[in-house]
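Hello,

Here is the structure I promised to pass on. Please have a look, then read my notes below.

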Amino acid sequence: MMNHLPFENWLLDDIDLSDEQKQMLQSHLRECNRCMDLKDRWLQVDRRLQSVQTTSPADGFSARWKAGLDARWANLHHQQVHRWLFILSVLGLLTFSLIMINILRTTSLMDWLFAAFDTVSGFFDWWDQLLQALFSVFALFPPFVSMILTILIVSMLCVLTLVWILSLWRIYRRGNYMV
Ligand SMILES: [Zn+2]
């Protein structure tokens with residue numbers, strides 16, 4: 001009976017063999033079918049393991065996971081937009097009802113009109129006071145600085161509006177794509 005033991009270990013263990021050991025192994029493999037068979041099977045297993053590690057299943061999984069994440073993310077954005085639209089419409093409705101109640105409290109048509117004017121002019125007063133407060137803050141700075149501040153604020157508002165419109169557009173495009 002042949003002694004297979006060192007050769008089996010050499011085949012299965014992932015170790016570097018010396019040139020002498022390699023020659024011994026080759027000559028043993030030429031004589032021994034059992035070890036040759038073991039070598040072939042081990043090579044097959046090794047190849048399969050490597051293909052499992054490197055190829056498609058992992059890629060497919062991560063791609064699917066990423067797609068799911070994108071969908072969830074888009075869905076979240078969608079929900080947020082809807083929530084904000086809902087809040088804004090509720091606020092608008094509340095303001096409208098308050099104005100209507102304020103008008104309806106009074107009786108005659110003239111009173112209605114006056115109340116409406118009051119409400120509108122009250123709003124403009126508030127707006128006026130806000131502007132005056134802003135200008136009084138601006139007046140603290142030298143004119144050059146306040147001019148730069150004005151330009152900065154206006155351009156910032158423009159950029160913010162642009163970003164807002166862009167993101168809304170992107171969200172709605174993505175939403176349509178999902179549906
Ligand atoms: Zn053998």
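Val120 counts as exposed, because it has 11 C-beta neighbours inside 10 Å. The cut-offs are these: a residue is buried if 20 or more other C-beta atoms lie within 10 Å of its own, exposed if 12 or fewer, and partly exposed in between, with C-beta atoms placed from the backbone. Val120 sits in helix α5 (residues 109-139). Its C-alpha is 9.4 Å from that of Ile99, 21 residues away in sequence.

This is a predicted model, in which local features need pLDDT of at least 70, side-chain atom pairs count only at pLDDT 80 or more, and totals for chains, interfaces and linings use all residues. Residues are numbered from 1 along each chain as its sequence is written.

Helix α5 also holds Trp112. Trp112 is partly exposed, because 15 other C-beta atoms lie within 10 Å. Trp112 and Asn102 are ten residues apart in sequence, and their C-alpha atoms are 8.7 Å apart.

Now to helix α3 (residues 33-54), where Met36 lies. Met36 is partly exposed, since it has 14 other C-beta atoms within 10 Å. Between the C-alpha atoms of Met36 and Gln26 there are 9.5 Å, and ten residues along the chain.

Helix α2 covers residues 19-31, 13 residues in total. From first C-alpha to last it reaches 19 Å, close to the 18 Å expected at 1.5 Å a residue (1.5 Å times one less than the number of residues). α2 is hardly covered: its count of buried residues is zero.

Buried residues make up 1% of the 179 residues. Of the contacts with a separation of 6 or more, 48% come from residues 24 or more positions apart. Two residues are in contact if their C-beta atoms, placed from the backbone, lie within 7 Å.

Last, confidence. The mean pLDDT (the predictor's confidence in each residue, from 0 to 100) is 80 for the protein, and 87% of the residues score at least 70. Where pLDDT is low, the predicted coordinates should not be read in detail.

Best wishes

Definitions and conventions:
Helix = DSSP H or I, 4+ residues; strand = E, 2+ residues; numbered from the N terminus.
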